[in-house]
Amino acid sequence: MAVQGEAGVTAVRVCQPGQGVSVGVVEGALFDLQTSATGRVFAAWSDAHAGALPALQREQIRWRGVAVVEGEYAAGINALGVPVFDAQGQLLLALTLVGPAASLPADADGEAAQALRAACQRISAALGWQGP
């Protein structure tokens, strides 16, 4: 889970798997707006970071509802990031799945992306968001 902090987009909660391969993301880590899925969520949905991505890429991320990174931040590591909105429809935070390419496909329409989008929509709704 990441939020906009004073220093930039910052990891505030990291949950590692109980087994398997863990990826080295730690609380307090800052995310690049162009190369990380978490950063791309903020670049796509936050007006403050609108210029960080090309307009077409920003539009595609918003249309799909997920930012996807396939080995761009770290070779062999994929990530899927999805926004959580507050009652006013403002970006509140991003939830991101990160894992080895072998177990986390970089697919905006895949099972992991669908589950993450659904979870973020449930959280957003619980916070009062009534968007699509």
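Select Ser36 first: leaving aside residues up to four places away in sequence, Ser36 touches Phe31, Val69 and Tyr73. The model on screen is a predicted one. Ser36 sits in the loop between S2 and H1. Its relative accessibility is 4%, so Ser36 counts as buried.

**Helix H1**

Next, select residues 37-45, which form helix H1. This helix is mostly covered, with 9 of its 9 residues buried. The buried set consists of Ala37, Thr38, Gly39, Arg40, Val41, Phe42, Ala43, Ala44 and Trp45. To see what covers them, display strands S1 (2-5), S2 (8-11), S3 (67-70), S4 (77-85) and S5 (91-100), together with helix H2 (55-64); the cover includes these elements.

**Salt bridges**

How many salt bridges does a search of the whole structure find? The search finds 3. Side chains of opposite charge can pair when their charged atoms come close.

Now select Asp47 and Arg58, whose side chains form a salt bridge at 3.9 Å, N to O. Asp47 belongs to the loop between H1 and H2 and Arg58 to helix H2; the pair links distant parts of the chain, 11 residues apart. Asp47 is exposed, at a relative accessible area of 68%. Arg58 is buried, at 16%.

Move on to Arg13 and Glu27, where the side chains meet in a salt bridge at 3.7 Å, N to O. Both residues lie in the loop between S2 and H1, so the pair ties together parts that are 14 residues apart in sequence. Arg13 has a relative accessible area of 46% and is partly exposed. Glu27, at 47% relative accessibility, also counts as partly exposed.

**A nonpolar patch**

For the last stop, switch to a surface view and select Leu92, Ile123 and Leu127. These residues make a nonpolar surface patch of about 220 Å². Ile123 is part of helix H3, residues 111-126. Why does Ile123 count as partly exposed? Its relative accessibility is 35%, and partly exposed covers the range between under 20% (buried) and over 50% (exposed).

Technical notes:
Residues numbered from 1 in each chain as written. Predicted model: local features only at pLDDT ≥ 70, side-chain atom pairs only at ≥ 80, totals over all residues. Heavy atoms only, no water. Patch = residues over 30% accessible without salt bridge, like charges linked within 9 Å, V, L, I, M, F, W, Y side chains within 5 Å. Areas by Shrake-Rupley, 256 points an atom, 1.4 Å probe, with all protein chains shown as cover. Salt bridge = Lys/Arg side-chain N within 4 Å of Asp/Glu carboxyl O. Helix = DSSP H or I, 4+ residues; strand = E, 2+ residues; numbered from the N terminus. Buried < 20%, exposed > 50% of the residue type's maximum accessible area, 1.4 Å probe, protein only. Contact = heavy atoms within 4.5 Å.
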